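Hi,

Here is the structure I promised to pass on. Have a look at it first, and then read my notes below.

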Amino acid sequence: MTANNSIQILGPVPAQYADVVTGDALGFVAELHRNFETARRRLMQARVQRQAEIDAGAAPDFLPATRSVREGDWRVAPAPADLTNRRVEITGPSSNRRMVINALNCGAQVYMTDFEDAHSPAWVPTLDGQLNVRDAYRRTISDAAPDGRQYNLNAETATLCVRPRGLHLMERHLLVDGEPVAGSFFDFGLTVYHNHIAQQSHGTGPYYYLPKLQSHQEARLWNDVFNYAEDRLDLPRGTISPTVLIEHILAAFEMEEILYELRERPAGLNLGRWDYIFSVIKVFNKRADMVFPDRAQVTMATHFLTSAAQLLVNTCHRRGAHALGGMSAFIPRRDDAAANEAAFAQVRSDKQREADQGFDGAWVAHPGLVPPVLQVFAAAFATDNQLSVIPEVRIAPDDLLAVPEGQITEAGLRNNISVALQYIDAWTRGNGAVAIDGLMEDAATAEISRSQLWQWIHHGSSLDDGRPVTAGLYRQVRAQEVAALVEQRGPANAGALDKAVELLDEIVLSADFVEFLTLPGYRYLD
């Protein structure tokens, strides 16, 4: 399909998406591309240069050039009314219509619908997500189950936020002037263009979660994009409210600068624990002294994560910004009350720690976790948030870079292989949020799993029983885990894991660390 001579759509547009993929909306996306693509590419090249410096031995530190920002007296704009209470935020994929409805109805204060880590960015699922967001803002979204049950919005629903794709990802199905547009420009452009009027009419606004930022310059680019959109759509300055995910170790050293770039609009920070762990492994992939133990042992109680949490709360509250805690990925079971209670106890403990640290709320992956998490934060503070709580902390670079202690076990090796295989298999089939062994896994957790496998093999790590983690051991265990999954799924699914095995082998056995599994994985998506 060709929208005009300079905008080309390289995928089908069924009739139900006619109100999403309109000429005017695509024209707006094209404007974003033409105005900001050069800057985006420059920032992506800056990432490459910064990584080369670290590979050569440079250590991250707080920036001397921006000391005046960290020592200055400034605050971000105050939050809008429907983002002042953020005790519980639920996340989930944008493409699943029923999940969108259930998330909006579940009693959480905020629902972040996702075009990023919980989304498999094939073309039609991406359009599904745009349609669901459009209908949700208009409060016309509904769904019907095969048994006749109807799903509609309650009178009161969670405040809706949208997470577009990171700046590094492209939308290959839309070409502008012969070039693919950035996925972030596509996701943001369509959602803000189509929905800013409906948002205002229902007393809300264009609220976004910004993923994968690595520097304050990237926050500056997003602020420029927001300013352009507000001017172009006749919105008052500061209407667009972003929450930035601190999910990269380099961004942790620039939290204040990131907020400073966005200070004219309501802004907050969220500690994205899973991507944050992955980022440390990725950034220091060449260092044998930065090898992590089993994923299960890398908890929020480890020093480097506790330090990041304390720094984030202090930074946010000194600047008047909300501080949001990490994800509770547990999925309640209907058939095991004892297991549920044990898991709920762990969730409550985790969230109590975050409430005690001063966080204003935290994420959950399942509606069943909303009541216990809400109970923890409701008991922790009576007002809408804890912005007045400014913990005194002194965090040095060594605190943020402390390697967690622990062991590498066969169970950890097997779990990483199994989780990565199951997630990649689901992702290539269009599902970006996958329930595995009672946890909601997304791209971030799969990234940890596969990056640890690469790290252990590349640096010659050993299991706690003394066996070295080699490519041969990986292949042996991977074959066993594939056989177990095939047996569990049955003969009808023979060969179903072939793509997952091919991709996992490619990125785990590569001589060089593959930055994101989704980049080579795109070849499997329509």
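The hairpin of S8 and S9 has 2 residues between its strands, and aspartate 177 in that hairpin takes a positive phi near 55 degrees. Strands here are DSSP E runs of at least two residues, helices are H or I runs of at least four, and both are numbered from the N terminus. Before I go on: this is a predicted model, where local features need pLDDT of at least 70 and side-chain atom pairs count only at pLDDT 80 or more, while totals for chains, interfaces and linings use all residues. Residues are numbered from 1 along each chain as its sequence is written, and side-chain values use heavy atoms, with hydrogens and water left out.

S8 (residues 170–176) and S9 (residues 179–182) run antiparallel and are joined by 4 bridges; two strands pair if DSSP finds at least two bridges between them. Glutamate 171 has valine 181 in S9 as its bridge partner. S8 also runs antiparallel to strand S2 (residues 7–9), with 3 bridges joining the two, and there isoleucine 9 stands opposite leucine 174 in S8. Of the 7 residues in S8, 5 are buried, so the strand is mostly covered (buried means under 20% relative accessible area, exposed over 50%, partly exposed in between, with a 1.4 Å probe and protein chains only).

Next, the aromatic rings. Rings of Phe, Tyr and Trp (its six-membered ring) pair if their centres lie within 6.5 Å; planes under 30 degrees apart count as stacked, over 60 as edge-to-face and the rest as tilted. By that rule there are 19 aromatic pairs. Take tryptophan 222 and phenylalanine 226: their ring centres are 5.5 Å apart and the planes are at 35 degrees, so this pair is tilted. Both residues lie in helix H6, 4 residues apart, or about one turn of the helix. Tryptophan 222 is buried at 2% relative accessible area, and phenylalanine 226 is buried too, at 0%.

What sits over the ring of tryptophan 274? The charged end of arginine 273 does, 5.8 Å from the ring centre, and arginine 295 lies over the face of tryptophan 274 at 5.6 Å from the centre. The rule is that NZ of Lys or CZ of Arg must be within 6 Å of the ring centre and within 35 degrees of the ring normal.

How many disulfides does the structure hold? The count is 0, where a disulfide is a pair of cysteine sulfur atoms within 2.5 Å. The sulfur of cysteine 106 has its closest cysteine sulfur in cysteine 161, but at 13 Å that is too far for a bond. Cysteine 106 is buried at 18% relative accessibility, and cysteine 161 is buried at 1%.

Two more spots to look at. Serine 215 is in the loop between strand S10 (207–210) and helix H6 (216–232). Serine 215 is buried at 12%, and beyond residues up to four places away in sequence it touches Glu254 and Ile258 (contact means heavy atoms within 4.5 Å). Valine 347, in helix H11 (residues 337–357), counts as buried at 7% relative accessibility. Leaving aside neighbours within four places in sequence, valine 347 is in contact with Ser328, Phe330, Leu369 and Val373. Its C-alpha atom is 11 Å from that of glycine 326, 21 residues away along the chain.

Cheers
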